[in-house]
Amino acid sequence: GLVYMVMFLGAVQVFVFAPDVLIRVFNAVSGLLFPALAPARDAGPFWVSMSASMMYCISALSYMLWRNPVRWADMAVPLVIAKFASSACGAGFFVAGLLHPETGWATLANITIMLTDLPLGLWLAWAYLQVPREPRAD
């Protein structure tokens, strides 16, 4: 569990701060091991795959919370973290785009992430704090 967590926390730093480097590494490795494969031109399909898995996890956690909010209240914590992280990234990319217009990141799409996910994260955090707690065996 802890090793997996550390690996994912490291990977997310690469995803956020060096996505182009990641694609270049994939292409370099692919060129050495699988030269018949076309190189990735951008990270589009890669990020769709990564974000789709997150959305499925969020859907599963939300279902668990809906089915039994007292039993699964702790499942709100990863949801809150996901909503705050996406809000920070969306706002961060938007602001970076304002500061560096050549990036093209100051888009309605980027700021919409923050405008939708921040209220959801705040509401989930509030709801989590309202749920009566059952005694835990652990």
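Student: How many aromatic pairs does the count come to?
Tutor: Two. Rings of Phe, Tyr and Trp (its six-membered ring) pair if their centres lie within 6.5 Å; planes under 30 degrees apart are stacked, over 60 edge-to-face, and the rest tilted. This is a predicted model, where local features need pLDDT of at least 70, side-chain atom pairs count only at pLDDT 80 or more, and totals for chains, interfaces and linings use all residues. Residues are numbered from 1 along each chain as its sequence is written, and side-chain values use heavy atoms, leaving out hydrogens and water.

Student: Why is the pair of Tyr-63 and Trp-66 tilted?
Tutor: Because the ring planes stand at 40°, with the centres 5.8 Å apart.

Student: Where do Tyr-63 and Trp-66 lie?
Tutor: Both are in helix H3, residues 44–67, three residues apart, about one turn of the helix. Helices (H or I, at least four residues) are DSSP runs, numbered from the N terminus.

Student: And what about Phe-93 and Trp-105, what kind of pair is that?
Tutor: Edge-to-face, with 5.1 Å between centres and 85° between planes. Phe-93 lies in helix H4 (residues 76–99) and Trp-105 in the loop between H4 and helix H5 (108–130), so the pair ties together parts twelve residues apart in sequence.

Student: Is Trp-66 buried or exposed?
Tutor: Exposed, at 62% relative accessibility. Buried means under 20% relative accessible area, exposed over 50%, partly exposed in between (1.4 Å probe, protein chains only). Phe-93 is partly exposed at 29%, and Trp-105 is partly exposed at 36%.

Student: New topic: where is confidence lowest?
Tutor: In helix H1 (residues 2–17), with a mean pLDDT (the predictor's confidence in each residue, from 0 to 100) of 79. Confidence is highest in H4, at 94.

Conventions
Helix = DSSP H or I, 4+ residues; strand = E, 2+ residues; numbered from the N terminus.
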